[in-house]
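Dear colleague,

Please find the structure below for your records. My notes on its contents follow directly after it.

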Amino acid sequence: MQKVLSFLQQIRDNNNKAWFDEHKAEYQQAKLVFTEFVDKLIAGIAEFDDSVKDLTPKDCMYRFNRDTRFSPNKMPYKTHFGAFVCPKGKNSGYSGYYFHIEPSGSGYLGGHQLDTGVYCPEPNVLKSIREEIYFNGETFDSAVRLAGDFALEDSQALKKVPRGYPADFKYADYLKLKSPCLCKHLDDDFILSENLLKNTIDAFKLTFEFNSFLNKAIELAKE
């Protein structure tokens, strides 16, 4: 993964088309390394979550060019690589497992991390998730606790319990979530370890129950 990290460090400091065109071969090498890693990651996750077994890296990886049409940030390229492994692919609306590599100082997420969950679900999906938490709060709480050193992170969480739910509900804080997601921040040593693949799969395995809980609620919303 050193080639990936080195390229991202360079594009962080030279984010323009002229530099990119001159170093396109380095980008292609980095993309190949990352694609091969994602292919193995999908296979590893599928061993404990068969809902992702038919995915390809293309189903999970994001394009490197930024869409700058409506953004004040006109840098043409991303400074990270990411892959979201979830049922039916990254745009399906399901909860899944996200692998993110980003050198420090790049200003997107602030560094490397693993995430499991769903980001900005549709209103009907979020309603279904909250109902599932309300009726099965202990199960959700157990899934969160099973996730080891992953932590719930949601910068958009509500300040108050959403309307329709009792404020004194035992798991009220979970109902405030708008993007239920477990996060594990990583350092360069984790990313550059020769055991990166195994360590990543082992970490995501701890979040399987959490992911399954969310996808059960999402399935109900889609019916």
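One aromatic cluster is formed by Phe7, Trp19, Phe20, Tyr27, Phe34, Phe37, Phe64, Tyr77, Phe81 and Phe99. The rings of Phe, Tyr and Trp (its six-membered ring) are paired if their centres lie within 6.5 Å, with planes under 30 degrees apart counted as stacked, over 60 as edge-to-face and the rest as tilted. The structure holds 26 aromatic pairs. In one of them, the ring centres of tyrosine 134 and phenylalanine 169 are 4.9 Å apart and the planes stand at 50°, so the pair is tilted. These partners are 35 residues apart and link distant parts of the chain, with tyrosine 134 in helix H5 and phenylalanine 169 in the loop between strand S4 (151-152) and helix H7 (172-175). Tyrosine 171 and tyrosine 174 form a stacked pair, 5.9 Å centre to centre with 10° between the planes, and both residues are buried. Here buried means under 20% relative accessible area, exposed over 50% and partly exposed in between (1.4 Å probe, protein chains only).

The model is predicted: local features need pLDDT of at least 70, side-chain atom pairs count only at pLDDT 80 or more, and totals for chains, interfaces and linings use all residues. Residues are numbered from 1 along each chain as its sequence is written, and side-chain values use heavy atoms, with hydrogens and water left out.

Helices (H or I, at least four residues) and strands (E, at least two) are DSSP runs numbered from the N terminus. The axes of helix H6 (residues 137-145) and helix H10 (residues 208-222) come within 7 Å and cross at roughly 145°; axes are lines fitted to C-alpha atoms, for helices over the stretch in contact, and angles run from 0 to 180 degrees between N-to-C directions. Thr139, Phe140, Ala143 and Val144 of H6 make the contact with Glu209, Phe210, Phe213 and Leu214 of H10, where contact means heavy atoms within 4.5 Å.

Two residues other than glycine deserve a note on backbone geometry. Lysine 88, in the loop between S1 and S2, has a positive phi of about 70° and counts as exposed at 69% relative accessibility. Cysteine 120 has a positive phi of about 50°; this residue lies in the loop between S3 and helix H5 (123-135) and is partly exposed, with a relative accessible area of 40%.

With kind regards
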